[in-house]
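Hello,

Here is the structure I said I would pass on. My notes on it follow below.

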Amino acid sequence: MSPHTNERSVHNDNDVTLSLSGLALHSEAGAPHLGSNYRASNGRKSKKSILTDSYLKTHSGNSFHETDRPLRPGIYAPTPAFFDPETEDLDLPTIRSHSVRLVKAGIVGLVTQGSNGEAVHLSQSERRAVTAATRGALDDAGFGNVPVIVGCGAQSTRESIELCHDAMLSGGDYAMVLPPAYYRALYNGESQYEFFSDIARESPIPILIYNYPGAVAGIDLDSDTITKLSKHPNIVGCKLTCGNTGKLARVANAAPSGFMTMGGSSDFTLQSLIAGGKGVIGGLANIAPKACAEVFNLYVEGRNEEAEKMQAVVARGDWGAIKGGVVGTKSCLQTYFGYGGFGRRPLPRPTPAQEAVYKEDFEELLLLEEFLENGCRGSDIHSDRIKEFSQLVELEHMLV
């Protein structure tokens with residue numbers, strides 16, 4: 001079996017516009033935003049199943065095309081879905097501007113419909129709108145090469161496959177899939193393996209496995225299962241939010257070449273890289289994208305001491321994000337950047353006291369982010385905060 005490369009050739013098709021539930025999805029540089037079919041190990045496209053044929057006749061009526069947005073090592077951000085604070089309608093302009101802000105700061109790819117994206121609070125048409133807005137914003141800002149990964153997990157195999165098709169038609173390049181959990185007690189040992197294998201066989205875009213026990217009733221895929229799934233030619237990576245770096249090391253070193261084994265939280269970026277991972281998909285990148293990306297960059301450059309000290313600052317900030325979840329993340333964005341708003345009900349809105357706690361949790365990290373944004377100048381070292389943040393000031397001196 002040939003190794004994973006995440007590389008796909010580009011067709012020289014004429015510009016195509018797809019209409020999907022009223023959304024205009026225009027291609028960039030003459031190539032439509034569509035993923036490749038599942039390819040068998042011999043390199044030829046397999047026959048589409050009855051389900052895929054039925055779905056396409058109902059939903060698209062268009063042939064599949066290929067795109068050229070390979071997954072690159074680095075830091076990826078699972079973006080929030082932003083809402084109008086009064087109506088709770090999608091705030092598409094903020095979704096667009098936030099996406100561009102992250103990529104300008106060094107984030108190499110975005111994830112829509114993840115846990116931070118409140119996918120469980122969105123209708124199917126809203127999911128498509130968020131992904132389309134994200135893809136369109138990146139293209140309009142000159143970041144047409146940046147991939148978009150779309151959360152496509154559902155409780156049935158069939159619905160997950162349908163979400164993968166929707167993701168492709170909305171501009172997504174890859175699908176990230178959680179294991180099903182509602183009927184956990186009824187699944188046998190092969191159920192999860194078959195779930196991912198069936199989706200990968202039917203999905204028009206490549207799959208990443210999303211292992212997040214906290215979101216799926218404690219289901220924690222082991223390294224044997226993930227490694228076995230990594231051999232599938234349409235499964236190209238995994239996100240391990242379980243935090244088990246031993247598992248990450250086993251998968252990273254047993255999976256085919258090019259398989260994207262990634263950590264699922266910014267507080268163990270350095271540990272993930274040392275263990276053989278290719279990067280991290282971490283929610284903290286929404287708050288401090290430069291700091292999160294710089295941990296990766298320093299490690300790649302061999303500046304290990306600076307990387308370790310920056311990882312410590314990032315980890316302290318990430319603890320605030322872990323405790324506060326999407327509510328804390330949005331509160332921080334609102335306090336420090338003037339946008340963010342609130343989650344959809346029934347998520348609670350933070351009280352003024354809680355907002356003050358979130359602000360304090362992220363203060364050190366955002367001082368570092370400010371220092372990085374200003375170019376690491378000696379005049380910007382936060383010497384006046386040395387009593388509170390001595391490790392931050394020491395790091396800033398090293399970076400200068």
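Glutamine 113 sits in the loop that joins strand S4 (109-112) to helix H3 (124-140). Helices (H or I, at least four residues) and strands (E, at least two) are DSSP runs, numbered from the N terminus. This is a predicted model, in which local features need pLDDT of at least 70, side-chain atom pairs count only at pLDDT 80 or more, and totals for chains, interfaces and linings use all residues. Residues are numbered from 1 along each chain as its sequence is written, and side-chain values use heavy atoms, with hydrogens and water left out.

Although glutamine 113 is not a glycine, its phi is positive, at about 65°. With a relative accessible area of 6%, glutamine 113 is buried. Buried means under 20% relative accessible area, exposed over 50%, and partly exposed in between (1.4 Å probe, protein chains only).

Cysteine 376, also not a glycine, has a positive phi near 60°. Cysteine 376 belongs to the loop between H11 and helix H12 (390-399), and it is partly exposed at 22% relative accessible area.

A cis peptide bond, with omega near 20°, runs from arginine 345 to proline 346. Proline 346 is in the loop between helix H10 (304-337) and helix H11 (352-373).

Last, the surface around one tyrosine. Tyrosine 182 is found in the loop between strand S6 (174-177) and helix H5 (191-202). Tyrosine 182 counts as exposed because its relative accessibility is 66%.

Regards
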